[in-house]
Amino acid sequence: MTGATRLGKDLLALEPLSPEQIRLILDTAEPFREISERAIKKVPTLRGQTVVNLFFEASTRTRISFEFAEKRMSADTVSIAASGSSVAKGETLVDTARNLEAMRIDMVVVRHGSSGAAQFLAERIESNVINAGDGTHEHPTQGLLDLLTLRHRFGSLEGRRVCIVGDVLHSRVARSNIWGLKKLGAQVGVCGPRSLLPNAIDELGVEVFDRVEAAIEWAEALNVLRLQLERMQAGYIPSLREYNRVFGVTRERLERAPGDMLILHPGPMNRGVEIDSDVADGPHSVILDQVTNGVAVRMAVLYLLAGGRPELAEAAKSAGKGRGGDA
Amino acid sequence: MSAPDRRPILLAGGRVLDPSQQLDLAVGDVLLVDGKIQHAGERIARPDDAEIVDCAGLVVSPGFVDVHCHLREPGREDVETIATAARAAVAGGFTAVCAMPNTDPVTDNQAAVGFIISQAKRAAAARVYPIGAITLGQKGEALAEFGEMVGAGAVAVSDDGKPVVSAQMMRTALEYARTFGIPVADHCEDPTLAHGGAMNEGAMSMKLGLKGIPAEAEEIMAIRDILLARRTGGHVHLCHMSTKGSVELIRWGKERNINVTAEVCPHHLSLTEDAVDGYDTNAKMNPPLRTPEDVEALQQAVRDGTIDVVATDHAPHHYDEKEREFADAPNGIVGLETALAVLVTWLVEPGILTYAQLVDKMACAPARIFNLPGGTLRRGSVADVTVFDPTRAWTVDPRGFHSKGRNSPYAGRTLRGRTVCTVVDGRVVYREAAEATRA
Ligand SMILES: [Zn+2]
Ligand SMILES: [Zn+2]
């Protein structure tokens, strides 16, 4: 790091960030929340900047959240859904990187089905790269918005107990959450069928719960993950019905919680599978706060990365090849 | 390989090291006449007509033999050819290499075996011994014609690149191979456990969000093969062992006199899964790089003889193929030109292996277990000799490789130990470029 409170060129993951860097993003997001509450939801911060949203994998929610964040900061944006385009015709990620570089864009928001794809791009282009989810690696802005949501309710995350429920094995959201929560001093639990928990999860210093009842008894917040329906076909679990009966977050189960409980979900939800509707829409749910905070966090990240560039376009040219952000 | 212009060669004044006959002379001579070793021992008078190679300060040993590499021809001549691989081999000190059959088309018949031999002759560098496929097209469905292939020059059979999934097929292969006295070399991997995996399963795969391959994918197949070798009396050779558990299973088999031999690759003896961090596709291989505990167990197994040989699993790929998403990048690294230096740097210099053990693992034992000529400096054997500088430091620059492959996890590293001169069939086929000699 060039300084404890700088981000570097890219935001690829929460794992390499310091607690100070994470706090910086969250602190920066706070004023951006207010912008979203104004009548004219726009600031000129990124005027003249070009941001490409490159989505190799469909994700309406994340893409729209980024687009709102970019537009509220007055950036010029292009969104490219890469499925069915040149990528499907066999254009490789390295070709994509070369093309992006040739177009002299300022920032790239990338979602890709392969772990490490965002880093791959970041190492090959001068533009700032924001990982909007890569394979089963990380989804750092989702992790940050979850942190912001929890911090709002709790004040501080220090010592708070948060349990991630569901398919941790395949979840980039879970990974970003685990790193982020731990760095901010929270205690982290995971709960799910062992077939959907990484074997080495114990090495991360998290509590592992085999029963959701025990997780509820322990936790102050549950982050309920979406169960990908194909996990059943792949044989990780016997049926959705059984999953709901054993691991579903239901109102009956929550009623036995010793204290108040916050319910988070990265969406989109499978109601009646990992979460029941009366929980998702109930008084414990902060799911809509997450959506609001998502825009604010993404504005903060765009803002901080833009500021991390040496006086934007002109200066960058004279500064030479400034590759190799330290994020 | 007879040539009328072949002058006698005197490799003069080097450390003569031949574990096959417990020979270790601080200063000695090796004389090669008519493609045969005529003398290896005390210094002798210089024959008038001989070409003299000054070996002062260098080790003179039997030529290295690699029982496992991928030459890519036929099918992927853009990536490697038999000629470029044979040149890479001699640059690495290998006088003979065994070519795995997973080419396109697969080496599963005598004509394909003959093609490799003829291409190798034309290349006139290292000897190339074809390995035939176990099953037709490596499909795992029907046995290939071992007898015909052996008749044409194949020295072993293997479906490497993939495992022999059916235990019954493996059993039959081991039984049938006994007729011809050849080893069955198996790529040990349970495909249902390894499915979709891109690296070792553990803390690093969890951090990177890559699907892991558990150690058990290898170990389950290793013990299956050992048990089938016990049942059949066939010789099973376990390729590229990578885990501590595999070492324990091999030890178990050897204690019971089961006919099992095993190899380990230089990369599994030197690197851990940490090399994958940052999604470096040069560290992507199958089996994957494992944990420090595994590396240590493998090093000890080489030292105590549980693992018989070091083989490179040389697997060149086109630059573009490695320059992509980690999960989709192909497995494998180029290995022929770095093997010696990796062993010197990671095993000899730290005191795990002696130079005599290194030569045994790279030359004597591989020739012995695959029944190949060479691997010894005994009088009358083929004049395949490697001369290397055990202490010379050099920095790995893949652009300088003789292989067409450039994918090396050692790129940029400074290693010690370098081939200076390689002799095959009594002819110098490699001599280190003069300008590089005293770097
Ligand atoms: Zn293999
Ligand atoms: Zn191989």
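How far apart are the zinc ion (ligand 2) and the zinc ion (ligand 1), and which residue coordinates both? In this predicted model, the two ions lie 3.4 Å apart, and B:Asp160 coordinates both of them. The pair links distant parts of the chain. B:His68 belongs to strand β6 (residues 64-69) of chain B, whereas B:Asp313 sits in the loop between β15 (309-310) and α11 (319-322) of chain B, 245 residues apart. Both B:His68 and B:Asp313 are buried.

The UniProt annotation "binding site", from an unreviewed entry, covers B:Asp160, B:His187 and B:His240. These residues span 81 residues in sequence, yet no two of their C-alpha atoms are more than 10.2 Å apart, so they gather at one spot.

The two annotated histidines are each placed in a loop. B:His187 lies between β10 (184-186) and α5 (191-194) of chain B, and B:His240 between β13 (236-238) and α8 (244-255) of chain B. B:His187 has a relative accessible area of 3% and B:His240 one of 1%. Buried means under 20%, so B:His187 counts as buried, and so does B:His240.

Both side chains make a polar contact with the side chain of B:Asp160, at 3.0 Å for B:His187 and at 3.3 Å for B:His240. Leaving aside residues up to four places away in sequence, B:His187 touches B:Asp160, B:His240 and B:Asn286, among others.

Elsewhere in chain B, strand β5 (residues 59-62) pairs with two other strands. Strand β1 (residues 9-18) runs parallel to β5(B) and is joined to it by two bridges; B:Val16 has B:Val60 as its bridge partner. Strand β16 (residues 385-395) runs antiparallel to β5(B), with four bridges between them. Here B:Pro62 is partnered by B:Val385.

Terms used. Residues numbered from 1 in each chain as written. Chains lettered and ligands numbered in written order. Predicted model: local features only at pLDDT ≥ 70, side-chain atom pairs only at ≥ 80, totals over all residues. Heavy atoms only, no water. Donors = N, O, S within 2.8 Å, 3.2 Å for Na, K, Ca; no water. Buried < 20%, exposed > 50% of the residue type's maximum accessible area, 1.4 Å probe, protein only. Pairing = 2+ DSSP bridges. UniProt positions renumbered as here; feature names shortened; annotations may be inferred. Contact = heavy atoms within 4.5 Å. Polar contact = N/O pair within 3.5 Å; in protein donor to acceptor, adjacent residues only side chain to side chain.
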